[in-house]
Amino acid sequence: MALAATKAPWPAEFVTASPETLGLIMLGADPHAGRLERPAQLAAVADALADGTATARALQERFPGRTPCELAHELGLPVETTDDDPMVGTLWRFAEYRPRPPRIVLYNRGLAPLERTLTGSLAEELLGQATPRQVFVAHELYHHAETIRSDVPIARRHRPTLFRIGNWHWRTGIVALAEIAAGAFAQSLLDLPCHPKILDYVATRSLSNRTVA
Ligand SMILES: [Zn+2]
């Protein structure tokens, strides 16, 4: 069985890519983001990264020195694990935030490929001192923080017009912006060497290697 960690498992440019570059890649996969002009896309990514970082700093100032799980506990937010199938359609789930009642759910089988692959120097290169579980608890903490505050959600701050009739505009939000912000939140909270979007590529590579092995 070949595991991804034995050879370079992803294009090197992803490791060194800036959060802005990864953010633009994530935005490019959003069904509505293409309706924004390029300057608006750059502004939206910068705004999402800044919001994630600022939200992490605010929480760290309120509860200094806490791990993501401890922060969840401080906020009264349970962190649960499940052995359910992580695959829904074409989507592979690592973790999710469920708002009613509020809680974070970690998918043990979803995280397994990352935990198998990310060991030793590779883990340190991509995660520093953090573990994949800490990264995803932190990611979901951002979604919780967004839910309980009164600000306009980041996904609705940059809204392309789908169509217009006279003065009436039909607008949509950009879900990818919340994901970009949640990644920046985790990166700031855990002092990660790179934006955790990189973990998607690690997992994809690990899974495809197992399929062919
Ligand atoms: Zn998310």
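## The largest pocket

About 770 Å³ of space lies in the largest pocket of this structure. The lining consists of 26 residues, and L91, W92, F94, E179 and D200 are the closest to the pocket centre. Two or more lining residues come from each of strand 3, strand 4, helix 7, helix 8 and helix 9 (198-212). Helix 7 provides the largest share of the lining, with 5 residues. Rolling a probe the size of a water molecule over the atoms shows where empty space is left.

The model described here is predicted.

## The chain as a whole

The protein chain contains 9 helices and 7 strands. It has 213 residues, of which 45% count as buried. Among contacts in the chain with a separation of 6 or more, 67% are between residues 24 or more positions apart.

In soluble globular proteins, nonpolar side chains tend to be buried together. In this model, the largest nonpolar core has 54 residues, and L27, L114 and L118 have the most contacts inside it. Helix 8 (residues 175-190) supplies the largest share of this core, namely 11 residues.

Which residues does L118 contact, when its neighbours within four places in sequence are left aside? They are A123, L126, L127, P132, L199 and V202.

## An aromatic pair

The structure holds 2 aromatic pairs. One of them is formed by F94 and F136; this pair is stacked, with 4.6 Å from centre to centre and 25° between the planes. The pair links distant parts of the chain, since F94 lies in the loop between strand 3 (91-92) and strand 4 (95-99), whereas F136 belongs to helix 7 (residues 132-148), 42 residues apart. Both F94 and F136 are buried. F94 is also one of the residues closest to the centre of the largest pocket.

A pair of aromatic rings is described by the distance of the centres and the angle of the planes.

R93 is located in the loop between strand 3 and strand 4. Is R93 buried or exposed? R93 counts as buried because its relative accessible area is 18%, which is under the 20% limit. The side chain of R93 reaches the backbone oxygen of D85 at 2.9 Å. A polar contact of 3.0 Å also joins the side chains of R93 and Y107. With its neighbours within four places in sequence left aside, R93 is in contact with D85, P86, V88, Y107 and G110.

D51 is part of helix 3 (residues 38-62). Its relative accessibility is 11%, and D51 therefore counts as buried. The side chains of D51 and Y142 make a polar contact of 2.6 Å. Beyond its neighbours within four places in sequence, D51 is in contact with Y142, R149, I154 and R157.

## Contacts of L24

L24 is found in helix 2 (residues 19-28). How many residues along the chain separate L24 from Q41? The two are 17 residues apart along the chain, and their C-alpha atoms are separated by 7.5 Å. Leaving aside its neighbours within four places in sequence, L24 contacts R38, Q41, L42 and V45.

Note on methods:
Residues numbered from 1 in each chain as written. Predicted model: local features only at pLDDT ≥ 70, side-chain atom pairs only at ≥ 80, totals over all residues. Heavy atoms only, no water. Core = buried A, V, L, I, M, F, W, Y, C linked by side-chain atoms within 4.5 Å. Buried < 20%, exposed > 50% of the residue type's maximum accessible area, 1.4 Å probe, protein only. Helix = DSSP H or I, 4+ residues; strand = E, 2+ residues; numbered from the N terminus. Contact = heavy atoms within 4.5 Å. Phe/Tyr/Trp six-rings, centres within 6.5 Å; stacked < 30°, edge-to-face > 60°. Polar contact = N/O pair within 3.5 Å; in protein donor to acceptor, adjacent residues only side chain to side chain. 1 Å grid on protein atoms, 1.4 Å probe; cavity = no way out; pocket = protein on both sides within 12 Å on 5 of 7 lines; lining within 4 Å. Points joined across faces, edges and corners; volume = space filled by probe spheres on them.
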